Amino acid sequence: MASEEIAEAESVLQSFERRFLAARTLRSFPWQSLEEKLRDSSGPELLLNILQKTVKHPLCVKHPPSVKYVRCFLSELIRKHEAVHMEPLDELYEALAEVLMAEEPTQCHRSYLLSCHFEKVRWMESHNVCPSEIGFLCAALTPSRPIQISSLSPGSRINSLPVSAQPSGDSVTLSESTAIVSHGTTGLVTWDAALYLAEWAIENPAAFAHRTVLELGSGAGLTGLAICKTCCPSTYVFSDCHSCVLEQLRGNILLNGLSLEPDTTDPERHPGHNAHDTESPRVTVAQLDWDVVTAPELAAFRPDVIIAADVLYCPETVMSLVRVLQRLSACLKDQQAPEAYIAFTVRSPETCWLFTNELGQTGIPWEAVPHHNQKLFPYEEHLDMAILKLIL
């Protein structure tokens, strides 16, 4: 198989892997590309690889997605195979039989693969690696294909990369509700702006490294967990107001191998900027109702950075968010002005205008953050998403 064909097959395989682990809608999968590859192939290798990278993936086996989702995925995969090849593929039917006997839980899992790409590019740039070699390594740094160091010239600066430059294979796994709205809240699932903000954070870790981060409306926790795993914050405070969201959030933090400090917004007990002698960030979960939280409670967090994702979905939440940002600005006058990054999907131009207009009315300056280049997570490409940077 030619190198170009191998790269195309690898791209299809990686797309299936990332979309399946994140339980994205089946219509978003590259089915047409798969059909083309199956027509050009006489063997089952690609389908077997897809099966291993999806249903049989170690993350999926340990933290399974919705049973209904897996069943629909396998049924579609079988249809694509049978449309091209007459001979059935036993492994697909065996996997489907296992799923048909499973019961549907009330909670499912989604997993998101993280990449070390950006950190390594910065390392190479700081060590004067030439652009052509950077390009070579970027192409090789994929979660499913290790870099071939032996392919580089003996004198290449990339040969001196640290061992950690290999793709880590790290991921964020979330337990989520199988319903978009559950227990009267939408905070039990991950929304696309959270993925978009997490991508930007991974590409810009200096904004969070060795700093205290307060997240407003953490939801299932994807953005914060990605930042904790890739950006080295000293302290990370997840927050939300709904008790069911907070319970699920704590579970997701522990599921991803992080330790939790006692839950509190009490200024006498909050860890603040005390020394923390481990490599992992100090992580806390706070119940934070934007409409009733007090200035002392907010001041106790002493954040350097404040973030929020997909919280501009109606005028009422916009007004509540602006009030809490204004309160944060007022109570943190004795420290360096914190930065805030607010990510959102532009569903209604009127709602976005209301947010920026209210920021102007309260004297909070803002600017649009340029779109980042790397698409790490499989969110909907047609969505109009943005990040605003605020100086409080």
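How many bridges join strand S6 to S7? The views below are taken from a predicted model.

**View 1. Strand S7 and its two partner strands.** Five bridges join S6 (residues 305-309) to S7, and these strands run parallel. Val305 stands opposite Glu339 of S7. Between S6 and S7 the chain passes through helix H13 (residues 315-331), a β-α-β crossover that is right-handed. Strand S9 (residues 385-391) pairs with S7 in the antiparallel sense, over seven bridges. Here Ile342 stands opposite Leu388 in S9.

**View 2. The two faces of S7.** Glu339, Tyr341, Ala343 and Thr345 lie on one side, Ala340, Ile342 and Phe344 on the other, and all are buried. Because seven of the seven residues of S7 (residues 339-345) are buried, the strand is largely enclosed by the rest of the structure.

View 3. Lys53 pairs with Glu17, with the closest N and O atoms 3.8 Å apart. Lys53 belongs to H3 (residues 45-53) and Glu17 to H1 (residues 3-21), 36 residues apart. Lys53 counts as partly exposed at 22% relative accessibility, whereas Glu17 is buried at 4%.

**View 4. The salt bridge of Asp192 and Arg24.** The side chains meet at 2.9 Å, N to O. Asp192 is in helix H9 (residues 192-203) and Arg24 in the loop between H1 and helix H2 (31-39), 168 residues apart. Both residues are buried.

View 5. The closest N and O atoms of Glu176 and Arg110 are 2.8 Å apart. Glu176 lies in S2 (residues 171-177) and Arg110 in S1 (residues 107-113). Glu176 is buried, with a relative accessible area of 0%.

How values were computed:
Residues are numbered from 1 along each chain as its sequence is written. This is a predicted model: local features need pLDDT of at least 70, side-chain atom pairs count only at pLDDT 80 or more; totals for chains, interfaces and linings use all residues. Side-chain values use heavy atoms; hydrogens and water are left out. Buried means under 20% relative accessible area, exposed over 50%, partly exposed in between (1.4 Å probe, protein chains only). Helices (H or I, at least four residues) and strands (E, at least two) are DSSP runs, numbered from the N terminus. Two strands pair if DSSP finds at least two bridges between them. A crossover is right-handed if, with the strands pointing away from the viewer, the path from the first strand over the helix to the second runs clockwise. A salt bridge is a side-chain nitrogen of Lys or Arg within 4 Å of a carboxyl oxygen of Asp or Glu.
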